[in-house]
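Please look over the sequence and the structure, then read on.

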Amino acid sequence: MINDLATRGKQEHFPGQVLTCQQDGNTFIFICNNGVKLSLSVVTDKILRFRYATDGRFAPDFSYAVPADLPRPKVEFLEFREKPDHYRITTDRLICTIAKQDTHTRVLDRSGNVLCEDEKGFHWEHNDDTGNDIVKMSKQVQSGVHYYGLGDKPDNMNLRGKRFTNWGSDTYGYVKGSDPLYKNIPFYLVLHQKIAHGIFFDNTFKSFFDFAAERADVTSFWAQGGEMNYYFIYGPALTEVTQEYTRLTCPPELPPLWALGYHQCKWSYFPESTVKQIANGFRERSIPCDAIYLDIDYMDGYRCFTWSPAHFPEPKRMVQELAKDGFKTIVIIDPGIKIDPNYSVYTEGLEKDYFCRRADGPLMKGSVWPGLCNFPDFTRPDVREWWAGLFKGLIAEDGVKGVWNDMNEPAVFERGTFPDDVRFDYDGHPSSHAKAHNIYGMQMARATADGVKRFSYPNRPFTITRSTYSGGQRYSSAWTGDNLASWEHLWLANIQCQRLSISGFSFVGSDVGGFIDTPDAELYVRWIALAAFHPFFRTHSSGDHGDQEPWSFGEQATELAKRFIELRYQLLPYIYTAFWQYVQEGTPMLRPLTFIDQADTETYLRMAEFSLGDHLLVCPITQAGADGRWMYLPRGDWYYYWTDEPKSGGAEVWASAPVDRIPLFIKAGAVIPFYPVMQFVGEKVVEEVTLHVYYKNGAESSVLYDDGGEGYGYQEGNSTTRRFTVTGNDNQLTVNQISEGGYQPTYKTYKLIVHGLPFAPATITADGTEVEITEFASESGFTLPQAVLTVDFKEVILN
């Protein structure tokens, strides 16, 4: 008799026939004849959650991505019906059918369009080596479908035909197509027949995604353990899918306004005299900058929460002196705690048993920058509380304004990461590293954010992380990791920041100029021009490869970098408003062309062009020696920022862009607020905001949000939202303003500058009173009508 138990153990298994269904509120449990259960929860009328249990028992419901206590919209309409061969669940927006034969599911919109349909559907395979089930889901690929999202993948925007892995990895010098990278965001968007939905696979084990790569008619996702637990998220607009996902996993709080300024970083600025030299370099050249970073060499032997007595003998004094000149000091903190009996952080962690252990009990040991280290178990609430408290010295006592988490994939020299047998508390759901790896960086960022917030109060915190998981946007900003000084990486920076933004993580940027190797002047200027339109704006480089400050590439490059950084500071009220929209509604700050007009099939494969917020369209130059580029303008009317030349969309246009320009278009009808140029946020009181109004034959809405950019008064309503509507025809332009909220800004007047008028205005009236028309002379040599108005105007008419 042949023993085939091992062979049978590796077979794929499937749900059996559904015997019955049990309803508990908005959750339906389908029970199969082989013990498999499907739990289908109607989270909202646009979100369905699917959980499968292979042995008839669901594990305790716990997620680091989806806060359990977050209020959800009430499901207004829910209908459940049993049919001869299937069950049907109907909401206001969706219809879901579950086949009685095998639990195959199909999701349709209320018009009957099939949005998502199982192929094999849920199936699994037992893994004898780990004891886990490898849980799998396969879906049918419909003709003409497109896929987007999945976090920081360095590949084409459209994912169709590709396969990816989520397993956070320290990928030094990655290139196009490298996989996996640092972040683990198992969320993607699907566009079919101009209708969008998303899939969020909330499973923290190593997971895989196949977008019709192996088989052209099948897309699938699977994980090496845990549950098949995923959310179906309906649009029908792509932007709405991202909004729903971001609200599900919770957007961040507002950052301090200075965090949206320009940051300068290097591995490493030391000793103190070098830091002061860099700071003076910015102020002497009048190049705006808000933050200077200290990498690992500020520490005493790379021990976290310490200062090198040789490099920084009086850190509190230095930080205070930098602050007087407008610089916020940001320091790096890694997870590895040096094994050193004379190091208080280590001895306290050891005494209280806060470090990760191997399966048989020994402490996890690994080599990183300090040498041999132990590593905190950030999945324990008491460890997170301890870690947060450690920031008192840096933040409350020394005056540091932000913290930067690195190496938190977690990375370990030589071996890559922790062994799978390392144990974690996982907030009361004990696990191995196989389950906790992908959320380790997120939980470190969480503990760090708690500490920085606690000791920064009443000011807002600022943190940045290299590794994260879905929902990590609640705790931190991020950057795209150890990139290269190359034109390909400039191209990748554009794609990765867009992709992270539509994956719920908008507060992101790249290392300007590249971390590895040295850019030439042209590459650096082109990169800083792009990064000026990314939410997080930081130059960072390795000290092995030369200087990379804005003045490191000659006088011409210095002046050009300065101009783009100044433009960033002028746009701060616009960018801050876009961030507020992200916080309030989950709206991605960076939007690929497909998100701007998904009804236009010309946008589906394009990836260079993107919008920042509602009204700025940007397209970087990513080739050496180019003096412009062809780019696609979405349908509608636009103005080229540098010349005010009007352009009609729905077609490719040539954007002339020598090295002093980046292709930048403004949507017709937009109201774009500008601040005066400042060397740092708060350098001067803003007494007047300039409103650049772009004529449109028709109507367009804009918004300007303000709360002072610091503190928590906005959470009690101490903010102001100003909504503008621009309406134009052949001989008149009207600007209406509706103001909500009680915050009183420092500025009392607007300077209104009008672009693109097809007529010369004879009069400008504000709320029925005529105001003086003067002329604004642009840098390009043309003049525009302008007028000064009080901030509380309700209607301005030009005719």
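Which domains does the domain assignment of the protein chain give? The assignment gives domain 1 (1–193 + 195–235) and domain 2 (558–798), with bounds that come from an automatic or database domain assignment. This is a predicted model, in which local features need pLDDT of at least 70, side-chain atom pairs count only at pLDDT 80 or more, and totals for chains, interfaces and linings use all residues. Residues are numbered from 1 along each chain as its sequence is written, and side-chain values use heavy atoms, with hydrogens and water left out.

**Overall form**

- The protein chain has 13 helices and 50 strands; these are DSSP runs numbered from the N terminus, helices being H or I of at least four residues and strands E of at least two.
- The C-alpha trace spans about 95 × 70 × 50 Å along its principal axes.
- Of the 799 residues, 62% count as buried (buried is under 20% relative accessible area, exposed over 50%, partly exposed in between, with a 1.4 Å probe and protein chains only).

**Domains and contacts**

- The centres of domain 1 and domain 2, taken over C-alpha atoms, are separated by 41 Å.
- Eight residues of domain 2 are in contact with nine residues of domain 1, where contact means heavy atoms within 4.5 Å.
- Of the contacts in the chain between residues at least 6 apart in sequence, 68% join residues at least 24 apart.

**Around T594**

- T594 belongs to helix α13 (residues 593–596) and has a relative accessible area of 1%, so this residue is buried.
- Leaving aside neighbours within four places in sequence, T594 is in contact with Y148, L191, L238, T603 and Y604.

**Cis peptide bonds**

- The bond from F270 to P271 is cis, with omega near -5°, and P271 lies in the loop between β18 (262–264) and α3 (272–285).
- The bond from Y457 to P458 is also cis, with omega near 10°; P458 sits in the loop between α8 (433–456) and β27 (463–465).

- Y302 has phi near 65° and is partly exposed, with a relative accessible area of 28%.
- M407 has phi near 60° and is buried, with a relative accessible area of 5%.
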